[in-house]
Amino acid sequence: MRAAVTALHLETRDVADGGVEFLLRGELTLATAQTAWPKVVQRATDLPEGALRRIDLTSVERLDGAGAAALLALRARTSTPARPVELAGARPEALQMLQLYGCPSQHQCLKGEPQQMPILEQVGREVLGLRAGFVEIVDALGQLCVAIARAVRRPGSVAWRDVPQLMERAGADAVPIILLINFLVGFIIALQSADQLRQFGASIFLADLMGISLTRELAGLMTAIIVAGRSGAAYAAELGTMRVNEEIDALRSLGLDPLRQLVLPRVVALTAVVPLLTFLAMVIGALGGMLVAVTSLDLTPTMFATRLQAAIRPLDVVEGLTKSGVFAAAITFISCHRGLTTRGGAAGVGRSTTGAVVTILFHLIALDAVMSTLFNLLR
Amino acid sequence: MQPAPQDGVKIRVRGLTIGYGGVPILRDLDFDVHSRGIFVILGGSGCGKSTLLRHLTGLQTPIAGSIEIAGVTRFPPPVDEPPPFGVSFQTGALFGSRTLLENVALPLQKWTGLPAPDIDNVAFARLRLVGLGGFENHLPAEISGGMRKRASIARALALEPDLLFLDEPSAGLDPITSVELDDLLTTLNRSLGVTIVLVTHELESIFRIGTDCIMLDRDALGIIARGDPRELRTDSSDPRVHRFFNRLPAGA
């Protein structure tokens with residue numbers, strides 16, 4: 001059992017030429033330093049420069065590594081080239097500890113101050129980082145195109161065997177959540193619109209509103225957001241973990257292209273299942289709207305369905321499904337790219353996953369805006 | 001197996017400068033790895049051993065210089081060709097979602113036209129060779145670190161390469177497992193004629209199996225010694241080499 005800890009005490013003594021000597025008494029250890037040491041440092045800091053001449057350690061009963069480091073740092077901070085502070089009277093064990101933690105030069109005893117970067121430099125670095133990020137994305141897209149070309153030339157080099165399982169995970173397993181969310185979205189939009197339409201005697205147009213908004217925009221976008229959260233995050237985490245575990249390097253060392261082994265099967269699987277999920281989302285969203293129409297607007301299911309059929313044009317469905325295919329490709333590309341460029345262990349995998357989902361969400365909205373504009377020009 | 005070049009040189013490295021982001025950590029390396037030898041890349045921590053191995057295996061592109069394996073330059077790395085070597089990584093780098101058998105079978109599925117049952121038999125034989133018979137249906141997470149390293153060697157041997165790269169194969173292993181691994185490498189080298197290049201700083205292992213070596217130094221940014229490790233231990237006049245081989249701390 002350890003003996004009771006003796007607290008650290010400081011006495012000061014004036015010496016010749018206006019100098020001061022510190023006399024430490026007790027234990028200078030991690031335990032005692034927490035309370036007493038800041039006072040010692042404060043006393044030393046309050047003295048004029050070069051006034052502290054000597055720290056007497058004769059009465060220091062115990063000195064551990066933390067105490068030695070603190071003592072050496074204090075000496076480094078208070079010493080001047082003309083008047084170095086002397087550590088005197090240390091007992092053999094304490095002297096051994098001081099030698100163990102000793103620094104070749106005074107400067108090396110002190111941790112460097114964190115450098116504050118000027119704001120202009122920070123802005124410059126951020127801009128350069130954006131440029132580097134853009135170049136990286138273009139490079140990754142180029143590599144993907146090369147991989148697609150090589151896959152066309154040698155279809156056997158793609159891991160097609162993984163595609164059915166990936167489709168099941170991203171598609172079939174996502175059906176319940178897609179149905180639930182899109183039903184509720186349809187229901188909520190119909191509920192919010194029903195009152196307004198009733199006031200103008202335009203209740204029947206709820207079907208038009210639901211049909212157009214679901215097919216052109218909402219079903220595709222909501223499905224893509226859910227897929228980004230489920231499959232996008234999973235792809236980034238999965239590939240990121242493979243990257244930090246050197247599995248990607250292992251693939252390359254076996255002569256296998258990670259893009260054709262890991263990325264292309266995911267692109268194919270997601271691009272195939274997301275439009276199907278989107279179609280389901282369109283149907284279930286319309287059913288959510290129909291429920292409101294029947295319960296709140298006194299419309300019959302037949303009236304709603306007939307009006308819905310009249311409102312939706314084939315191009316609306318094509319628009320929704322085309323968008324969902326593009327969304328799927330973007331989700332896979334961004335999440336796989338983030339995963340394959342992961343650095344820094346478990347924390348890096350976490351950063352890649354979060355970064356992938358945020359980047360995907362931004363790009364989904366941006367792509368939606370671009371494609372909506374293009375389809376509007378077509379109409 | 002590929003035939004060794006006439007001069008018996010399996011790997012020829014000339015003027016190789018390697019590093020990260022254009023900043024060299026090793027400069028102007030020149031060395032040859034002879035066929036059927038066990039070549040050790042050694043040096044202190046952080047001197048660039050593993051980085052050199054990554055360049056030799058084509059996982060990183062050098063800043064300058066050339067690497068030839070069996071007379072064929074490796075940069076840019078050839079596309080859609082089975083590699084003429086096997087690589088075993090420091091951590092094993094087994095595919096975590098595949099069983100040991102599936103890990104070893106993967107290169108066979110990709111690069112041979114063998115029917116599935118034959119691939120499984122070959123993969124199983126590789127696992128038995130490294131002492132992992134009976135563990136073929138285990139996932140990498142279900143076996144010990146030493147077993148993962150052996151499984152990684154089995155995967156590296158899958159395509160019957162005559163050149164094997166190993167990154168710190170015995171690091172973190174108990175002495176008995178470490179000796180067993182050395183014995184396995186010696187067997188592969190002597191019985192199958194596999195040229196082995198390994199990165200390590202395990203002195204016992206170096207003296208037990210190494211036939212040739214280069215020693216890298218972080219401050220010198222290059223090779224400070226080369227030759228038979230046993231001879232270097234006794235004959236080298238370079239204090240850095242002497243300290244390394246005799247486990248002497250700096251200043252001793």
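Helices here are DSSP runs of at least four residues, numbered from the N terminus. By that count, Met210(A) sits in helix H7 of chain A. The model is a predicted one, so keep that in mind as you look around.

Start with Met210(A). It counts as buried because its relative accessibility is 0%, and the cut-off for buried is under 20%. What does Met210(A) touch, beyond its neighbours within four places in sequence? The contacts are Gly186(A), Ile189(A), Ala190(A), Gly285(A), Gly289(A) and Phe304(A). Now look along the chain to Ala311(A). Met210(A) and Ala311(A) are 101 residues apart in sequence, yet 9.3 Å separate their C-alpha atoms.

Next, find helix H6 of chain A. It covers residues 175-199, 25 residues in total. From first C-alpha to last, H6(A) reaches 36 Å, close to the 36 Å expected at 1.5 Å a residue. Even so, H6(A) has a kink of about 35 degrees, centred on Ser193(A). Ser193(A) is among the buried residues of H6(A), which also include Ile178(A), Val185(A), Gly186(A) and Leu197(A). Which helices do the buried residues of H6(A) pack against? They pack against helix H7 (206-244) and helix H9 (258-296) of chain A. Just after H6(A) comes Gly201(A), with a positive phi of about 65 degrees.

Step back to chain A as a whole. It is divided into domain 1 (9-109) and domain 2 (159-378). The centres of these two domains, taken over C-alpha atoms, are 66 Å apart.

Now consider the cysteines. A disulfide is a covalent bond between the sulfur atoms of two cysteines. Cys336(A) is buried, with a relative accessible area of 1%.

Finally, turn to the aromatic rings. Over all chains, the count is four aromatic pairs. One of them joins Phe85(B) and Phe165(B): the ring centres are 5.2 Å apart and the planes stand at 85 degrees, so the pair is edge-to-face. Phe85(B) lies in the loop between strands E5 (72-73) and E6 (86-88) of chain B, while Phe165(B) lies in strand E7, so the pair ties together parts that are 80 residues apart in sequence. Both Phe85(B) and Phe165(B) are buried. Phe244(B) and Phe245(B) also form an edge-to-face pair, 5.7 Å centre to centre with 90 degrees between the planes. Phe244(B) and Phe245(B) are buried too. Together with Phe207(B), they form one aromatic cluster.

Terms used:
Residues are numbered from 1 along each chain as its sequence is written. Chains are lettered from A and ligands numbered from 1 in the order in which they are written. This is a predicted model: local features need pLDDT of at least 70, side-chain atom pairs count only at pLDDT 80 or more; totals for chains, interfaces and linings use all residues. Side-chain values use heavy atoms; hydrogens and water are left out. Buried means under 20% relative accessible area, exposed over 50%, partly exposed in between (1.4 Å probe, protein chains only). Domain bounds come from an automatic or database domain assignment. Helices (H or I, at least four residues) and strands (E, at least two) are DSSP runs, numbered from the N terminus. The expected span of a helix is 1.5 Å times one less than its number of residues. The bend at a residue is the angle between axes fitted to the seven residues ending there and the seven starting there. Contact means heavy atoms within 4.5 Å. Rings of Phe, Tyr and Trp (its six-membered ring) pair if their centres lie within 6.5 Å; planes under 30 degrees apart count as stacked, over 60 as edge-to-face and the rest as tilted.
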